[in-house]
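User: Can you walk me through this model? I'd like the strands, then the loop and the surface.

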Amino acid sequence: MERKLGIMEQGIVYVGELASLFIVVVLRLVNGPPPEVLQRALAMLQRRHPLLRMQIVHEKDGLWFREPAE
């Protein structure tokens with residue numbers, strides 16, 4: 001699956017290239033699940049929602065979401 005980024009998505013990427021834009025989220029779980037369970041949950045989410053495993057690549061005709069080669 002791949003698609004060209006929309007105008008707003010492109011704007012976010014270009015702004016991020018000019019001036020770094022970081023969004024950091026910290027979640028502290030008391031008695032949370034072990035890391036293996038979280039890894040499996042992320043893998044399941046990525047299977048169900050393909051855009052969660054996409055990369056943004058520059059092409060001649062613009063920016064694209066593209067699934068990384070494995």
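User: Start with His58. Which residue stands opposite it in E3?
Analyst: Leu63 stands opposite His58. Strands here are DSSP runs of E with at least two residues, helices are runs of H or I with at least four, and both are numbered from the N terminus.

User: What are the ground rules for the numbers?
Analyst: This is a predicted model, where local features need pLDDT of at least 70, side-chain atom pairs count only at pLDDT 80 or more, and totals for chains, interfaces and linings use all residues. Residues are numbered from 1 along each chain as its sequence is written, and side-chain values use heavy atoms, with hydrogens and water left out.

User: Over how many bridges do E2 and E3 pair?
Analyst: Five, in the antiparallel sense, with E3 covering residues 62-66. Two strands count as paired if DSSP finds at least two bridges between them. Gln55 has Arg66 in E3 as its bridge partner. A hairpin of two residues joins E2 to E3.

User: What order do the strands take in the sheet?
Analyst: E1-E3-E2, in an open, antiparallel sheet of three strands. E1 (2-4) and E2 (55-59) are at the edges with a single partner strand each, so one side of each has no neighbour in the sheet. From one strand to the next, the twist averages 30°.

User: Which helix lies across the strands, and at what angle to E3?
Analyst: H1, residues 7-18, lies across E1, E2 and E3 and runs at about 105° to E3. Axes are lines fitted to C-alpha atoms, for helices over the stretch in contact (heavy atoms within 4.5 Å). Angles run from 0 to 180 degrees between N-to-C directions.

User: Switching to the loop. Where is Asn31, and is it buried or exposed?
Analyst: Asn31 is in the loop between H1 and H2. Asn31 is exposed, at 78% relative accessible area. Buried means under 20%, exposed over 50%, and partly exposed in between (1.4 Å probe, protein chains only).

User: What about Val26?
Analyst: Val26 is in the loop between H1 and H2 (35-48). Val26 counts as exposed because its relative accessibility is 73%.

User: And Ala43?
Analyst: Ala43 sits in helix H2. At 29% relative accessibility, Ala43 counts as partly exposed.

User: How far apart are the C-alpha atoms of Ala43 and Arg53?
Analyst: They are separated by 9.2 Å, and the two residues are ten apart along the chain.
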